[in-house]
Amino acid sequence: MRLLLPLLILPAALVAAAPSPASVRHVRTIAGIAEHTLEANGLTILLLPDRSAPVLTFMVTYRVGSRNEVTGTTGATHLLEHLMFKGSRHYHAGNGQAFDTLLDRIGGINNATTWLDRTNYYENIPSRHLALVARLEADRMRHLLLREEDRQLEMTVVRNEYERDENDPAATLDKEVAAAAFLAHPYQHPTIGWRSDIEKVSIAKLREFYDTFYWPDNATVSVIGDFEPATALALLAEVFGPIPRAPHPIPQVYTEEPAQTGPRRVVVRRPGEVGVVQIAYKSPAARHPDQPALQVLAEILGSGKTSRFYRALVDTNLAINATAGAGFFHDPHLFSTTALLAPGITHEPVERTLRAEAARVAREGVSAEELTRARAKLRAATAYGRDGAFAIAGQLNEAIAAGDWTLYATLPTALEAVTTADVQRVAARYLIEDQSTAGWFVPPAVAPSATDPATAPATAGPGPRGYRRPGEARKNRAEPATAPGQASAGARQAAAVAPRARRRVVAGIDVVTVPTAIREVVTLRAAFPGGAVGQPTDRHALADLTAALLDQGTVTRDKFAVAALLEQAGATVTFSAGTHTVDVAAKCLRPDLPLVLGLLAEQLRAPRFDPAELAKARRQLAGQFRRELEDPGVRARLAFARAAFPPGHPNHRPAPEDYLADLERTTLEEVRAFHAAQYGPAGARLVAVGDVDDAVLDGALAEGFRGWSGGRVWTPPPPAAAPATARVERLPLPDKTSVALLIGAPSGLRHRDPAHLAVATGTAVLGSGFFSARLLDIIRNREGLTYGIGAVLGGDTHVDGAWTLQGTFGPELLARGQASTLRELRRFLADGVTTEELDAFKVTLTGSFQLGLATTDGLAGALLACLQRGYGPEWIDAYPGRVEALTAPEVNAALRRHLDPDRMITVLAGPLP
C-alpha cells in the first residue's frame, strides 16, 4: 500500500490549468451557494466555501431513485449503488486502488444512500484530498466495471440488508402502507426492492439502468467546506468535463397517481412485541405551496410534549410514541401519522384518536401559541441541521431530489410565513378519510404481564437505503467517541483543541467550553451521577425510572410548562440513564443558553416525581424495551452481557423478564430515595461547544446549581475473568429473518490501561467499519455473506470492558458465515497485524477520529468522553501521535495477551437452523 500513497495527495501541479471562461457558467448564487454548470455536458455544480475547519464534503447526487423503477427491477437503484463501490476503469481492487481502500487510507469517510427520488455518493475528507475524490467520482460516473461476479456477491449482501429490515415490524408496516396507498405511481415500491427482484435482476438490466441515468446532465456535484472556489471549478471542469452528455433524453416519470376514491386498509399479522397503527394521507410534492404549512402541521400534531398526539395518546397511556411527518418528495406522497401502542392497548382506540386529532385541527384550527412553538422548533432544527459541511450537503441533497436545490434557502423563509389559517386549511384539505390508508401491525395476542419479553420507540419507516449503515465506520473505530464525527491525517493541520478549551469548576461541576466557528448554535453534553451502578444488585430499573421522570415536570412547573418553554425557544434537552451516569444532550440557540441551563438545573435538582407520571413511565419504558428486543442483535448483546460478566459487575445485564418485573415493582419512594442518594455535582461533567459565551454559561450554572450537593464517587470492582473454555449460547427466534452472531469475552481492560490503545487499534484493523478492515473486506466484500460485521473494544470508560465481534447472516448462510468469521479471527490472532497494514490504518484512524471534531456534536461528544475517561482536552490533540507511535509487534503482543478465541462466548440469536 505504501506505493499508493503518492497518488493520494495530488499537488496543484496535477490539476489542470483553469478552464476557459466558456467551460463553466455561473448560474446564480443564493444563500452563499454558487450554482455553476459545465457547458460541455450539463453537470450542475454547487459550491459553498467554509474555512472553519480543514475538511470538506464532496457529494454527487443523481436524480434517480426507486421512483424510476418498475416491476421486475425494484431495488435496482440500490443494488447498483452497491456495485458503484466494486470498481471502475482506473480504481479497482485488481490494481490495488479500490475505492474504499483509497478513502480509508486518507482517513476519509464515504458512503452512499438511495431513496425514492435520488441516489447520492459522498466523501467527508481532509480538504487537501479534493482532487482524489473528484477523480474517483468522475471515473465511476461512466466507467463502472459492472461484473456479474460482483452482482452475485452484492446480491447476497443486499438480501441480508433486506432480511435485517424485516425484523422491524414498524418498518414492515410502513412498506405495506405505501404499497397499498399507491396503485399506479412507483412510490408503491420499497427502495430496497422486493426480495425476488433483488435476487433475480440481471447484470444486463443493471447496466441498462446505469447507462440510462448515470450521466453528468442527470447529476449535481456539491462541494461544501474548506476549498478555494476557483481551484475547485478548475478541477471539476478537468475531471468531469470530458464526460459526454447522455446520448438520449433522461427518461422522466410521467405516471400520476389516480385520485383515491375511498379509505384503504392493510393489516400485518406476524410475531412481534409492540402493536403499531399508521394512517397515511395523500399529500402534495415538496415544491407545492402547501408544503410549508404541512411541515408546521406535522410539528403541531406529533413533535414534543406539547403536541396534540402526545397529549392525546402518550400522556393517556394509549401509546409509547406518536409522530407525524409530511413527506418531502419530488411527486405527491404521504403525510403519515404513526403510533406505537402501549402494552395491553388495542388498535381501535389509537386509530380513533389519531383520526380525531387530525379532524379537530381541520375543524377548529390551531392556536397562535402552537404555531409559534412549531415555527421556533423548525427554525432551530434548520440551524442545528447545518452544523458542519456534511449536514449542509445532506440538506442540499434532499432539496435537489425534490426538484429544486434552492428549497434549501427558501423553505425556512416560507415556514416563517405560515399562519394559523394555513395550518387549518391544509389539515382540512389533506387529512381526510377518503384520502387515507390505515395500517395495523398486529402481534400475537398476549395478555400483558410484567414478565413479557420487552423494547424503544423508534420512528416507523425504512428511510434511505445505504451502502453501509451510517456511522458504521465511526462506531467501530479504535477510539469510539460518544458522538458522530470524522477527519484525517491531514486533520493534524487543524487548530488544536486544547488551546481553545477552557476548563474550570463551576458549582462543583467540571466544565469545559470550546468556541467554534458555527454561529448561533450551542451544543451541550453532560454526565451526572445517577447511573445504574447506584442500584442494589437485585434491582434493575431504578436508574431508568428516575431519569425518565426528570423531564416529567419539576416541583414548580408541570411537564407541559417545561416543554412549552423549551419548544418556544426551539431548544432540546434529553436525559438517559447509562450504566454509570445520567447523560444529558442539549442544543439551543445562543440567546437561549441561560434558559436551557436554568431548566436543566431545575429538572436535575427538583423533579416533581408525580405518582401518575411514574405509572406512565413504567409503561413507556416497558414498551421501549419491547421495541429494542425486536432486534436479534440486541438479544444477542444482552445474553452476552449476562454470560460474560457476573451479577454485580456494571456490565452485567438482567434477563428481560427480570428488568420488566423490576419496572413494575419499583415504588415512588424508592425513586425519591435513589435520587437523593445518587444525584449531585460529585463527579459531574459538562461540555459546551459552539457559539458559547463563557461568562453567560458560568453565570447560569452558578445560579442554577448554587448550593447543590451530593452525588457519589464510585469505586470499580475487580476485572471480570474470561471464561475458562469457549461456549455457545443459542437463542431461537423463529419469527425473525436474520441471525445475529456475536463472539466475545471480557477484555480485562479499562480505557486508561497501557495496553488499551494497542488492542483497540488492532481491533480496528480487524473489524472497524472501514471496508479495508479484514472482516468487511473478506466476509462482506469478497465472500458476500453479510451486510455488516465488525469488532469493537468497549464498555471500558469507567470499568473493565469487553471485546466483541458481531455480524448478521441469513439463515441459509449462517454456517458459512460463522465458519468464515472464526477462520479470520484465528488467522488474525495467529499471524498478527503487518507493519504495512498498521501504517495504513494509523492514517485511517487518526483521520476519521479528527474529522468528527468539525461539528459541535462530534467535538462535544469527544470532549465529554475524554473527561469521563479521566483525561483533559489535551488528550484529543495527543491521540494522533500516540497512534503513530504504535508498532506492529506491540499491537500483536497486546492482542494475543488479551484475546483468546478458545475462551470466548458465542451467541446465536434468530431463526436458527
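A cavity is a set of points, on a 1 Å grid over the protein atoms alone, where a 1.4 Å probe fits but cannot get out; lining residues have an atom within 4 Å of a point. The model examined here is predicted: local features need pLDDT of at least 70, side-chain atom pairs count only at pLDDT 80 or more, and totals for chains, interfaces and linings use all residues. Residues are numbered from 1 along each chain as its sequence is written, and side-chain values use heavy atoms, without hydrogens and water.

The second largest cavity has a volume of about 50 Å³, taken as the space filled by probe spheres set on grid points joined across faces, edges and corners. Its lining consists of E299, I300, S303, T306, S307, E370, R373, A374, K377 and E567. Two elements give two or more residues each: α10 (291-302) and α13 (368-384). The largest share, four residues, comes from α13. Helices are DSSP runs (H or I, at least four residues), numbered from the N terminus. By class, the lining has two nonpolar, three polar and five charged residues. Ala, Val, Leu, Ile, Met, Phe, Trp, Tyr, Cys and Pro count as nonpolar, Asp, Glu, Lys and Arg as charged, and the others, Gly among them, as polar.

Helix packing was examined next. Axes are lines fitted to C-alpha atoms over the stretch in contact, and angles run from 0 to 180 degrees between N-to-C directions. Helices α29 (residues 835-851) and α31 (residues 874-884) pack at about 170 degrees, with axes 9 Å apart. The two are therefore roughly antiparallel (over 145 degrees). In α29, K842, L845, T846, F849 and Q850 meet W875, I876, Y879, P880, V883 and E884 of α31, contact meaning heavy atoms within 4.5 Å. Seven of these residues are nonpolar, two polar and two charged.

The axes of α5 (residues 148-166) and α6 (residues 169-181) come within 7 Å and cross at roughly 100 degrees. This makes α5 roughly perpendicular to α6 (65 to 115 degrees). Y162, D165 and E166 of α5 meet A171, T172 and K175 of α6. This contact has two nonpolar, one polar and three charged residues.

The structure holds 20 aromatic pairs (ring centres of Phe, Tyr or Trp, the latter by its six-membered ring, within 6.5 Å). One of them, F85 with F99, is edge-to-face, at 5.6 Å centre to centre and 85 degrees between the planes (over 60 degrees). F85 lies in the loop between α2 (76-83) and α3 (99-104) and F99 in helix α3, so the pair ties together parts 14 residues apart in sequence.

Technical notes
Parallel < 35°, antiparallel > 145°, perpendicular 65-115°, else oblique. 1 Å grid on protein atoms, 1.4 Å probe; cavity = no way out; pocket = protein on both sides within 12 Å on 5 of 7 lines; lining within 4 Å. Phe/Tyr/Trp six-rings, centres within 6.5 Å; stacked < 30°, edge-to-face > 60°.
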